[in-house]
Every structure is written in structure tokens, then in C-alpha cells.
Amino acid sequence: MSLSKQIDKDYIEAYKAKATVKVAVLRHLKTAIKNRMVEDKSDALSDETVLDLIAKQVKQRKDSFDQYTKAGRDDLAKVEADELAALEVYLPKQLSDEELSAAIDKAIADLGASSMADMGKVMQALLAAHTGQVDGKKASGLVRSKLS
């Protein structure tokens, strides 16, 4: 079953179960999928494109969570954390720190990267090879430390 169809199925189940947080999150996600379909003028999206949309929404929730936590708004931070948990179910398993470090080493070796000028190429290769499995901020910091 495609990821898009799985989201539709889960949305219906959440709606019937009156799981308000999950319904709201999946409704936003379904809207993002529909908007992308309209932009691309297509009838369906690949799982890779849907994963990209989910990753963007996860990043938005993490940023909002950080902002609310810094501002002392724990009530709003909790809502963002709940929504984040509902979204992360659809992402592939994240790479551990050791796996991420090994993937970065491999990308650096494959590309022959040796300086900070190659950071963009390394990040692009890393993110392409491990779609949805890498936290961009963490990866960026590690790549920067390995190339400097």
C-alpha cells in the first residue's frame, strides 16, 4: 500500500476513534499532499515525495516546539510534541549517531571531499542516500566537524 493511501486509511480510523490530535495532523498532511498534486498536475505522488512532505512538517513541528519551549509556553509545546509524535510514525527509522557518522564518512570518501567547500556536495549525497532518516542540523554539524 502506498504511503498516501496508508495516510488516508489512518485518517479515517483516527476520525472514527475521535483521536483529535491525529485527525488534525493527518488533515494537514492530506492537504499538503493535495496541494503538491495540484502543483505537479499529477493524480498521485510517489512515496518519496510524500516522505519529503512529512519531513517538512516534522521539521516545522520541531521548530515550533523549540520556540514555544524557549518562550515558556509549555501548553503549546505539548501540543506540538503530540503532533510531532503522530507524524514521526510515517518516517523511516532515524539513523543512530554511529550510523550517521559512518554514512558521512562514506559520503566523504565516495566524493573525495577534503574541505568545507565540499560540504554542500556531501550533505546532498547524504540526504539523497538516506531520505527521511537524517536530522539535517545534526548531520550538518558532523559534516562540518569532519571537513574542518
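S140 sits in helix α7, where helices are DSSP runs of H or I with at least four residues, strands are DSSP runs of E with at least two, and both are numbered from the N terminus. The model is a predicted one: local features need pLDDT of at least 70, side-chain atom pairs count only at pLDDT 80 or more, and totals for chains, interfaces and linings use all residues. Residues are numbered from 1 along each chain as its sequence is written, and side-chain values use heavy atoms, with hydrogens and water left out.

**Overall layout**

- The chain has seven helices and zero strands, in the order α-α-α-α-α-α-α along the sequence.
- Domain 1 covers residues 3-89 and domain 2 covers residues 97-147; these bounds come from an automatic or database domain assignment.
- The C-alpha centres of domain 1 and domain 2 are 27 Å apart.
- Along the principal axes, the C-alpha atoms of the chain fill a box of roughly 55 × 45 × 25 Å.
- Among contacts in the chain with a separation of 6 or more, 58% join residues 24 or more positions apart; a contact means heavy atoms within 4.5 Å.

**Surface and charge**

- The chain has an accessible surface of about 9200 Å², and carbon and sulfur atoms account for 54% of that surface. Accessible areas come from the Shrake-Rupley method with a 1.4 Å probe, and for residues only the protein chains shown count as cover.
- Of the 148 residues, 33% count as buried. Buried means under 20% relative accessible area, exposed means over 50%, and partly exposed lies in between (1.4 Å probe, protein chains only).
- There are 24 positive and 24 negative side chains, with the centres of the two sets 4 Å apart. Lys and Arg count as positive and Asp and Glu as negative, while His and the chain ends are not counted; the place of a charge is NZ of Lys, CZ of Arg, CG of Asp or CD of Glu.

- Helix α6 spans residues 119-129, and its buried residues are M119, V122, M123 and L126. Viewed down the axis of α6, the buried residues fall within an arc of 95°, so they line one face of the helix; the arc is that of the directions from the helix axis to the C-beta atoms.
- K121, Q124, A128 and A129 are exposed on the other side of α6.
- The cover over the buried residues of α6 includes α5 (97-111) and α7 (136-147).
- S140 is buried, at a relative accessible area of 18%. Apart from neighbours within four places in sequence, S140 is in contact with M119 and M123.
- S140 and A24 are separated by 116 residues in sequence and by 31 Å in space, C-alpha to C-alpha.

**R36 in helix α2**

- R36 belongs to helix α2 (residues 20-40) and counts as buried, at 19% relative accessibility.
- With neighbours within four places in sequence set aside, R36 is in contact with L45, T49, D52, L53 and K56.

**Loop residues with positive phi**

- K18 lies in the loop between α1 (3-16) and α2. K18 is not a glycine, yet has a positive phi of about 60°, and is exposed with a relative accessible area of 70%.
- K41 is in the loop between α2 and α3 (47-70). Although K41 is not a glycine, its phi is positive, at about 55°, and K41 counts as exposed at 79% relative accessibility.
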